[in-house]
Amino acid sequence: MLEFMGIDAAQLTVLCIAAVLIGINKTAIPGLGVLPVVMLTLFFETRMSTGVQLGMLALADLIAVSYYRKKADWRILLRLLPWALLGLAVGSGVLRLIPDNGSVMRRVIGGIVLALMILSMVRKRIAPEKIPSGTGWSAFYGVMLGSTTQLANAAGPISSIYFLAMKLPKEKYLGCCAWFFLMLNWIKLPIFAWEGRVTAESVKLDLCMIPFLLLGGFLGIVLLRKMPQKIFEAVIQVLVVVAAVRLLWG
């Protein structure tokens with residue numbers, strides 16, 4: 001079946017590795033999410049890469065929610081979600097204005113993520129005890145999350161900055177990520193299908209990746225149990241910066 005869909009050995013290998021990383025990303029290390037974006041973009045045509053990845057993300061979201069379903073802080077999510085939906089519309093509009101939505105958009109998103117990370121670090125030094133939970137903060141990050149996930153499935157670093165700022169325990173952090181992206185990614189599926197990015201071929205590939213997504217989800221759960229909160233936060237911060245730099249100069 002894979003040969004029928006025109007997948008060569010290198011593409012299949014990258015797809016399997018990306019699926020494992022997505023599983024780990026969803027159950028343990030949210031900042032890891034941009035790495036599969038870059039890998040798939042390098043080995044697949046841009047529209048195909050975003051469509052295949054969205055299918056794997058949507059399936060992995062089900063795994064994450066099944067494990068963290070009782071851990072989310074719904075006050076935070078309900079403040080963020082309406083603005084993220086607006087961001088989806090903004091992202092769709094931008095996608096139609098920019099003919100090269102591959103390298104150009106990766107660089108734009110990388111620059112945004114890096115700037116936000118620097119601003120977040122500055123804020124922590126100026127007001128380390130203050131939790132930024134105002135409407136303006138939620139609106140800004142919600143629109144950014146919705147637009148970047150619609151453009152390139154690259155909202156992971158931005159969500160990491162936002163949820164780290166909320167000072168959530170690691171399991172509640174992951175519960176918020178799980179539910180938030182479950183809702184966004186399943187809303188995106190029909191939009192991506194309408195845009196021609198999710199196809200019958202991409203869905204077949206995604207279904208073949210379920211064992212690797214489950215493996216990654218299991219590895220992530222095991223890893224999280226052994227990871228102290230401070231190391232968890234430090235790893236995410238480092239991965240966010242690395243991902244931003246890779247997108248910016250990739």
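In this report, Ala, Val, Leu, Ile, Met, Phe, Trp, Tyr, Cys and Pro count as nonpolar, Asp, Glu, Lys and Arg as charged, and the others, Gly among them, as polar. The model is predicted: local features need pLDDT of at least 70, side-chain atom pairs count only at pLDDT 80 or more, and totals for chains, interfaces and linings use all residues. Residues are numbered from 1 along each chain as its sequence is written, and side-chain values use heavy atoms, with hydrogens and water left out.

## Cavities

The structure holds 2 cavities of 30 Å³ or more. A cavity is a set of points, on a 1 Å grid over the protein atoms alone, where a 1.4 Å probe fits but cannot get out, and lining residues have an atom within 4 Å of a point. In the largest cavity lies about 210 Å³ of space, a volume being the space filled by probe spheres set on the points.

Of the 19 residues that line the largest cavity, Asn25, Lys26, Leu57, Gly156 and Phe181 lie nearest its centre. By class, the lining has 9 nonpolar, 8 polar and 2 charged residues. At least two lining residues come from each of helix 1 (9-27), helix 3 (46-68), helix 7 and helix 8 (170-194). Helix 8 supplies the largest share, 5 residues. Helices are DSSP runs (H or I, at least four residues), numbered from the N terminus.

## Helix packing

Axes are lines fitted to C-alpha atoms over the stretch in contact, and angles run from 0 to 180 degrees between N-to-C directions.

| Helix pair | Axis distance | Angle |
|---|---|---|
| Helix 1 and helix 2 (residues 34-43) | 9 Å apart | about 170 degrees |
| Helix 3 and helix 8 | 8 Å apart | about 140 degrees |
| Helix 6 (residues 135-152) and helix 7 (residues 156-165) | within 9 Å | roughly 155 degrees |

The angle makes helix 6 roughly antiparallel to helix 7; angles under 35 degrees count as roughly parallel, over 145 as roughly antiparallel, 65 to 115 as roughly perpendicular and the rest as oblique. Helix 6 crosses helix 7 in a left-handed sense, meaning that the near helix is turned anticlockwise from the far one by less than a right angle. Contact means heavy atoms within 4.5 Å. Residues of helix 6 including Trp137, Tyr141 and Leu145 meet residues of helix 7 including Ile158, Ile161 and Tyr162. This contact has 8 nonpolar, 3 polar and no charged residues.

Helix 3 and helix 8 are oblique to each other, and their crossing is left-handed. Among the residues that meet are Leu54, Leu57 and Asp61 in helix 3, with Phe181, Leu182 and Lys188 in helix 8. The contact divides into 15 nonpolar, 4 polar and 3 charged residues.

Helix 1 and helix 2 are roughly antiparallel to each other, with a left-handed crossing.

Definitions and conventions
On a 1 Å grid over the protein atoms alone, a cavity is a set of points where a 1.4 Å probe fits but cannot get out, and a pocket is an open set with protein on both sides within 12 Å along at least five of seven lines; lining residues have an atom within 4 Å of a point.
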